[in-house]
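Please open the model in your viewer and display it as a cartoon.

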Amino acid sequence: MSENGKIVLTADDGSEEAFFVMEKADIAGVSYLLVADSEEDGAQALLLKEMSEDDMVTYHVVEDENELKIISKYFEELLEDVELKLE
């Protein structure tokens, strides 16, 4: 993560996209990141799950509906002024 709170993620196809890290949380031994495409109200956000593969840390978008609901609720409580809408 850079000093300005931005990270650049590289997709499997080699494309890169920058995100602002809003918060990081360790839940039940798993690290999650709440990232957004901007710091403005109404920004698009993603919940990323940290995974270790062959001594390399990767982040995967949380897609499981139950996990997504639980983790998003945790981040909403952690960041009192943030409301996450699941789409």
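Predicted model: local features only at pLDDT ≥ 70, side-chain atom pairs only at ≥ 80, totals over all residues.

Which residue takes a positive phi in the hairpin of S1 and S2? Select Gly-14: in this hairpin, which has five residues between the strands, Gly-14 takes a positive phi near 95 degrees.

Residues are numbered from 1 along each chain as its sequence is written, and side-chain values use heavy atoms, with hydrogens and water left out.

**The whole chain**

Colour the chain by secondary structure. It has one helix and five strands, where helices (H or I, at least four residues) and strands (E, at least two) are DSSP runs numbered from the N terminus. Along the sequence the pattern reads β-β-β-β-β-α. Of the 87 residues, 29% count as buried, that is, under 20% relative accessible area with a 1.4 Å probe and protein chains only.

**The sheet**

Select the strands. They form an open sheet of five, in the order S1-S2-S3-S4-S5, with antiparallel pairing; two strands pair if DSSP finds at least two bridges between them. S1 and S5 are the edge strands, each pairing on one side only. From one strand to the next, the twist averages 45 degrees; axes here are lines fitted to C-alpha atoms, for helices over the stretch in contact, and angles run from 0 to 180 degrees between N-to-C directions.

Next, select residues 6-10 and 16-27. These are S1 and S2, antiparallel strands joined by five bridges; Lys-6 stands opposite Phe-20 in S2.

Move on to residues 30-36, strand S3, which runs antiparallel to S2 and is joined to it by seven bridges. Lys-24 stands opposite Leu-33 in S3. The hairpin of S2 and S3 has two residues between the strands, and there Ala-28 takes a positive phi near 55 degrees.

Then select S4 (residues 45-53), which six bridges join to the antiparallel S5. Glu-50 has Tyr-59 as its bridge partner in S5.

**A stop in S5**

Select Thr-58, which lies in S5 (residues 56-61). Is Thr-58 buried or exposed? Thr-58 counts as buried because its relative accessible area is 16%. Its side chain makes a polar contact with the side chain of His-60, at 3.1 Å; such a contact is a pair of N or O atoms within 3.5 Å, and within protein one must be able to donate a hydrogen and the other to accept it, with residues adjacent in sequence counting only if both atoms are side-chain atoms. Not counting residues up to four places away in sequence, Thr-58 touches Lys-49, Glu-50, Met-51 and Glu-53, contact meaning heavy atoms within 4.5 Å.

**The helix and the cores**

Now turn to H1, which lies across S2, S3 and S4 and runs at about 85 degrees to S2. Select Ala-25, Ile-27, Tyr-32, Leu-34, Leu-47, Val-62, Leu-68, Ile-71, Phe-75 and Leu-79: these ten residues make up the largest nonpolar core, a core being a set of buried Ala, Val, Leu, Ile, Met, Phe, Trp, Tyr and Cys residues joined through side-chain atoms within 4.5 Å. S2, S3 and H1 (65-78) are the elements that give two or more residues to this core, and H1 gives the most, with three. Apart from this core lies another, of six residues, among them Ile-7, Val-21, Leu-33 and Leu-48.

Methods: Buried < 20%, exposed > 50% of the residue type's maximum accessible area, 1.4 Å probe, protein only.
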